[in-house]
Amino acid sequence: MRSRPLRRLFRRSHFSLASFQRTARLLTVLTVPTVLMAFSTFSTLAPSVLAQPSAPVATPVSTAPTKLLVDLLEKTDVVWRDGYPTQLTLADVPKAVERLQIAEIRSSRPAFSWVVPAPKRGAAQSAWRIQIATDRSILAESKGAPDVWDSGKTPGAESTAVPFGASEPLKPSTVYYWRVKTWDETDAPSDWSAIKAFQTAATLDESGASRYPLVKKVDRPQSATPLDDRTTFYDFGRASFGQIRVEIDSKAAGRVALVRVGERVKDGRVDRKPAGSTRYWEYRLPLQTGRQFYSIKTRVDKRNSSGAAVLMPDYVGEVMPFRYAEVEILPATPAKTDKTVKTDAAETPADVAETAQSAETSQSAETAPTVETSQSAQSVQNADAATETAEPAQVGSLFDAAPEPVVCSVARETVVYPFDVSASYFDCDDDRLNRVWDLCRYSIPATTFAGYYVDGDRERIPYEGDALPNQLSHYCVDREYSLARVTLEYLIFHPTWPTEWHLQIPQIAWFDYLYTGDARHIRRYYEDIKAKTLVALAEDNGLISTRKGKTTPEFFASLHFKGSSSPFGDIVDWPHKGLAGNENAESGETDGFVFNDFNVVVNAYHHVALNSAKRFAEILGEEADAAFFAAQIEKHRKAFHETFFDAERGVYRDGEATDHASLHGNMFPLAFGLVPAENVESVAAFVRSRGMRCSVYGAQFLLDAVYEGNDGEYGFERMTADDLRGWLNMLRVGSTISLEAWDDRYKPNQDWNHAWGAAPANVIPRKLVGVEPTSPGFATLRVKPQIASLRRVDALVPTIRGPVEVRIARPTDAVYSLAVSLPGNVKADVYVPALSDDDALYVDGVPAAESATGVKFVRDGAFWKAENVGAGVWRFERRAPEPAETSQDAETTGTAETAQNAETTGTAETAQNAETSQPQESTRPAEPAQAE
């Protein structure tokens, strides 16, 4: 793998406390350029940030656009067979007899996106040209003009969501080929991109949501542990949705194996009676003679395969979540049959009756047996060897029994939506946060098994409340936007009951547009999105209520809500006291919220929805609507503060007729920008005082609120909390995918695979690392890290315009170094935390006031902000003001150490420059070995 730009510039090194102390001494005496050179020798920063090679690079950097997307899909030219990629091209598909899958473009007028290379600083696009043809050779060999569309050189910086501009729409079930070239800020042309193929679906409309098929990969166990002479325990390291397959060599017919799979482990074995909605199945497998491969058909669960549940496609088959497996070879003369086998009926809602023991089970669950890697590998190798060399037992008779069957291999076929594991990365000097990131990042692809954002395994139903945090997390861990879009499309017409979750649809639509720059879905569903603001429920003061008699049949029809008025209502958080088995909880997950006619949380959501609708009206040129929503926003904001804010306490009340103030009633206004600047401190202090008295769903908005208040220290504290209400507890109980609730005691019927519990997967990149779009399609963005007490941060954040890489080193409180690599065709505001108005600020090692880059810093609250930073690799430094004078001894020490460090730096620079022309291997830790 080629290294990222900052990876090449900043080699990772592990430095000791003594190194930090030595750094601190040097920084007090050295001049600025020397400080930076010395600092680079024992930090993560490399000297090439200060000096470039004097000789030109041997291999020219390509200027061709890369990472081409059609309707947000990159793998448009891949052909899969029952979930596995093949060697076939799209042109081969009509001739094949196998069951094949492709990424179908469902729009007759798709949109095109690409990444603009940044071979130099400030690289930006000034024009583009797209060509589309029905035959690859037309483009590859320039055989005349393209027969579908040639845009010609078109001025503009658009590199995301560029619409198909031919007069005639594309035809269904047709293969097309396209390429793109661009012109830079000096009007110099790029090379043509590689030619990319795509195929349209059998049925098209102008802006249908395109999508991938589900795909499979094969996982091998990370350990294999014999439990007795007939049973082996397998641990795949992480849970995933999939199917189990085994390979067994049996020398005689009629033998039987038991195959057990599950999510939890107890007493060193697969837990056969797991708590809540976590899974266990057992299968009786009659063995055939010889070495045979067995694909186990997963049982269908009645709860998650009927009603509103999303069904698995036939080319995939039924799946279940599991991490552990056991294979037991039964004796030749069957003993008493195992009574723990779960039947289909055992997985019905009646199964919840078994959850009374759930809290105890959660806390007593043990982790998998510890097995040395070499021992595990040896166990598998020995099984394979036995298969090849087994002979009839030599006990003196030709008619003695055949040897025992041998398990040759065990594998898991994991099912996911296509996911790029190299698209994102995070590492810091706190292992707790690294573990939380790893858990939450993995949770996103692991829960895409259904092809929509669903609530987990218990129901497999899309809910708006799950979709919003899932969407943000998916955007932050992969350059993938289509699954969020197809889920949005689904939820518009299949809404659920909570008031706030209808209000999330405009928010989901806004994030879709903000991260992609593609407004087609807004245009297509504009009337539906307007209805989802629930403005029809507004009273004269602008506030909305579900208790004022306005939830009429006509209102429900506008929402596509098919239920009656009785289940439609406010939720705040979930579960409430006395529901979902949590009768013993103090107040459910709502922090004792008191529901009134006018609900502060519902109205906070309404305010966000109004703002989204106003933006959409402006984008679409709906001037009357834009004016209406602008007026409604001002009316609502005034009434919101007057109705809910308690000026004496400096907090928001839950409703108009109560003095009760909850965490939720304050964190949502703070997260959504409703708190006036003069009240932020008191509201933020109240939020801190309540701790994590919300569910894993509410934690998304708590963390957003905390970071919006620039309180990165508290955000870091909450994400690394070691109590029951934290992500470390999810790991402690044995899960490798984020839970539906903090612990079984808070929701005894929970499952272990809810992406709504993975908020750090987006909070860490968006808020802690601080990479967020500030205009649609990441044309502009901000990098505003809030790293709290961390000393080192290394992150890669995907965007539709290319990855943003951030590296931060803070060896002492007086020194803060931020390096950032920005993709082409973007502008960024980069924030550096301020110590004082007299901070010394540097750009690439040069005092900011003397820098020839033109970058200037302005004070912005608790930060210094570098505005409009262009593409390329940049290094920003903030240091405490220099002391008035230094001692002679310090100068002498500094001189001696400077010479040594300068020599070391020179050596490092020489090596770096010599390596520049060669692709470098990434130094990131490898992903866990799972794929075959």
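Val-600, Val-601, Ala-604 and Tyr-605 of helix α14 meet His-664, Gly-665, Phe-668 and Pro-669 of helix α16, contact being heavy atoms within 4.5 Å. The residues of this contact comprise six nonpolar, two polar and no charged. The model is predicted, with local features requiring pLDDT of at least 70 and side-chain atom pairs pLDDT 80 or more, while totals for chains, interfaces and linings use all residues. Numbering runs from 1 along each chain as its sequence is written, and side-chain values use heavy atoms, without hydrogens or water.

The axes of α14 (residues 600-619) and α16 (residues 663-671) come within 9 Å and cross at roughly 10°. The two helices are therefore roughly parallel to each other (angles under 35 degrees). Helices here are DSSP runs of H or I with at least four residues, and strands are E runs of at least two.

In α17 (residues 680-690), Val-683, Ala-684, Phe-686 and Val-687 are buried, that is, under 20% relative accessible area with a 1.4 Å probe, protein chains only. The buried residues of α17 fall within an arc of 160° down its axis, so they line one face of the helix. Just after α17, Gly-691 has a positive phi of about 65°.

Strand β21 (residues 320-329) is largely enclosed by the rest of the structure, because 10 of its 10 residues are buried. Strand β15 (residues 231-250) runs antiparallel to β21 and is joined to it by eight bridges; pairing requires at least two DSSP bridges. Thr-232 has Val-327 of β21 as its bridge partner. Strand β16 (residues 256-262) is also antiparallel to β21, with six bridges. Here Val-261 stands opposite Ala-325 of β21.

Key:
Buried means under 20% relative accessible area, exposed over 50%, partly exposed in between (1.4 Å probe, protein chains only). Axes are lines fitted to C-alpha atoms, for helices over the stretch in contact, and angles run from 0 to 180 degrees between N-to-C directions. Angles under 35 degrees count as roughly parallel, over 145 as roughly antiparallel, 65 to 115 as roughly perpendicular and the rest as oblique. Ala, Val, Leu, Ile, Met, Phe, Trp, Tyr, Cys and Pro count as nonpolar, Asp, Glu, Lys and Arg as charged, and the others, Gly among them, as polar. The arc is that of the directions from the helix axis to the C-beta atoms.
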